[in-house]
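Please have the sequence and the model at hand while reading.

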Amino acid sequence: MSAINSFMKLFLPKDKIFYKLFEEVSVTSLEMSRLLKKMVSEPSFDEREKILREIEDLEHKNDDITHKIFTELSRNFITPFDREDIHYLASAMDDVADYIFASAKKINFYRVDPLHESFSKMAELIVQGCDNIAKAVSELKDMKNMRQITDALVRVNSIENQADDIFDLSIERLFATEADAKEVIKKREIYQVMEIATDKCEDAANVIESIIVKYA
């Protein structure tokens, strides 16, 4: 019997590595989102530049973790859930981090004043989206608290809808009040990238929902 157990261990993911790596990605993305929120309330360009560097470092960290997920996927014969779902979830969560970083880059590149209610609201929704993804991911390893997972996923969908509404209202207000065409173009692009970050949170939530439907 012990020989069979030893044999089976060879085919099991060591230390449930995928769960650990997904949790690392979700926590790092949440940290990035909080820095973005801090960035849009920072009046100093130099200080925003420092925050951008912090976000960039975390984005590189997430790239490395995502690469580890794909490496483990190629190494492990048995995975905790479908290989396709692991790939989709890793890609979706990587996209979240990419768009948070893209938002921060555009704010600094265009040298816009981000101290505006709409930027703050969008940033807060990105934080909430990342927070709920992190909560859902942390429960995947045993799927015992299904209510917490499903509640988090529902909140992510609601957050994405709110972001759509804020985006529409922000663009409407921008065209109505901003006389400088260059400012309109720059701010519209930033709003758009921030809204896409919430879309990517919803994409990750949809993959998690697919996983729990199959395995819960």
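The points below cover the basis of the model, its nonpolar core, its helix packing and its cysteines.

This is a predicted model, in which local features need pLDDT of at least 70 and side-chain atom pairs count only at pLDDT 80 or more, while totals for chains, interfaces and linings use all residues. Residues are numbered from 1 along each chain as its sequence is written, and side-chain values use heavy atoms, with hydrogens and water left out.

**Nonpolar core**

- The largest nonpolar core holds 67 residues; such a core is a set of buried Ala, Val, Leu, Ile, Met, Phe, Trp, Tyr and Cys residues joined through side-chain atoms within 4.5 Å.
- Those with the most contacts inside this core are F22, L36, I55, L89, I133 and I208.
- Two or more residues each are given to this core by α2 (17-39), α3 (45-75), α4, α5 (117-138), α6 (146-177) and α7; helices are DSSP runs (H or I, at least four residues), numbered from the N terminus.
- Helix α7 supplies the largest share of this core, 12 residues.

**Helix packing**

- Helix α4 (residues 83-109) packs against helix α7 (residues 181-215) at an angle of about 165°, and their axes are 8 Å apart; axes are lines fitted to C-alpha atoms, for helices over the stretch in contact, and angles run from 0 to 180 degrees between N-to-C directions.
- This angle makes α4 roughly antiparallel to α7, a term for angles over 145 degrees.
- The contact of α4 with α7 comprises 19 nonpolar, 2 polar and 7 charged residues; Ala, Val, Leu, Ile, Met, Phe, Trp, Tyr, Cys and Pro count as nonpolar, Asp, Glu, Lys and Arg as charged, and the others, Gly among them, as polar.
- The α4 and α7 crossing is left-handed, meaning that the near helix is turned anticlockwise from the far one by less than a right angle.
- The axes of α2 and α5 come within 9 Å and cross at roughly 165°, so these two helices are roughly antiparallel to each other.
- The crossing of α2 and α5 is left-handed.
- A197, in helix α7, is buried at a relative accessible area of 0% (buried means under 20%, with a 1.4 Å probe and protein chains only).
- A197 and D95 are 102 residues apart in sequence and 7.7 Å apart in space, C-alpha to C-alpha.

**Cysteines**

- The structure holds 0 disulfides, a disulfide being a pair of cysteine sulfur atoms within 2.5 Å.
- For C130, the nearest cysteine sulfur is that of C201, 4.2 Å away, which is too far for a bond.
- C130 is buried at 3% relative accessibility, and C201 is buried at 1%.

Terms used: Buried means under 20% relative accessible area, exposed over 50%, partly exposed in between (1.4 Å probe, protein chains only). Angles under 35 degrees count as roughly parallel, over 145 as roughly antiparallel, 65 to 115 as roughly perpendicular and the rest as oblique.
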